[in-house]
Amino acid sequence: MEKEAVLISGCLIGLCCRYDGEQKRNKNIAALMEKYYLIPVCPEQLGGLKTPRNPSEIREGRVISSDGTDVTAEYRRGAEEALKLALLFGCKKAILKERSPSCGFGKIYDGSFSGRLIDGNGVAAALLAANGIEIYGESGIESLI
């Protein structure tokens, strides 16, 4: 039986693509790889942002970096590129980094850079979900194994 392709945030498999140039490798990656064909993406890099980069948060429908730069266009472009990859590989699921302005689903930071969470979705997560892709945060990985 062929493995199902699943889109996954690159930082969760150990790629140093986070805003701070680090990674957040999840302890369950090996088990996931036994069951799924993982397609790593970093919407922020796909949108043209460098690594490392200033952290960003969503405020009033725009993505603003901590230095005040509006990076909404880059986040939208990266979301569109992530969707292209999901469609190309036939992904029905995506495992995304929680709380991220790109990949967060359900909860994101409130735009004040104070660490406060609000209900909401990152740019890429929202676009993927709107196109029928089931979103899981890293805290839900065990339910997929």
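Predicted model: local features only at pLDDT ≥ 70, side-chain atom pairs only at ≥ 80, totals over all residues.
Local features are given at pLDDT of at least 70 and side-chain atom pairs at pLDDT 80 or more, while totals for chains, interfaces and linings use all residues. Residues are numbered from 1 along each chain as its sequence is written, and side-chain values rest on heavy atoms, with hydrogens and water left out.

To begin with the sheet, four strands run in the order β2-β1-β5-β8, open and with parallel pairing. Strands here are DSSP runs of E with at least two residues, helices are runs of H or I with at least four, and both are numbered from the N terminus; two strands pair if DSSP finds at least two bridges between them. At the edges sit β2 (36-41) and β8 (134-137), each of which pairs on one side only. On average, neighbouring strands of this sheet are turned by 30° against each other, direction ignored. Axes are lines fitted to C-alpha atoms, for helices over the stretch in contact, and angles run from 0 to 180 degrees between N-to-C directions. Four parallel bridges join β5 (residues 93-96) to β8, and Ala94 has Ile135 in β8 as its bridge partner. Packed on the sheet is helix α3 (residues 72-89), which touches β1 (4-9) and β2 (contact means heavy atoms within 4.5 Å). The direction of α3 makes about 165° with that of β1.

β3 and β4 (residues 62-65) pair in the antiparallel sense over four bridges. Glu57 has Ile64 in β4 as its bridge partner, and Ser56 stands opposite Ser65 in β4. Two residues lie between the strands of this hairpin. Glu60, in the loop between β3 and β4, has a positive phi of about 50° although it is not a glycine. Another backbone detail is the cis peptide bond from Thr51 to Pro52, with omega near -5°; Pro52 is placed in the loop between α2 and β3. Most residues other than glycine have a negative phi, and most peptide bonds are trans.

As for charged pairs, the whole structure holds ten salt bridges (a side-chain nitrogen of Lys or Arg within 4 Å of a carboxyl oxygen of Asp or Glu). One of them joins the side chains of Glu4 and Lys93 at 3.1 Å, N to O. Because Glu4 lies in strand β1 and Lys93 in strand β5, the pair ties together parts that are 89 residues apart in sequence.

Finally, the largest pocket holds about 440 Å³ of space. A pocket is an open set of points on a 1 Å grid over the protein atoms alone, where a 1.4 Å probe fits, with protein on both sides within 12 Å along at least five of seven lines; lining residues have an atom within 4 Å of a point. Grid points are joined across faces, edges and corners, and the volume is the space filled by probe spheres set on the points. The lining has 26 residues, with Arg18, Tyr19, Lys97, Ser100 and Pro101 nearest the centre. Both α2 (43-46) and β3 (56-59) supply at least two lining residues each.
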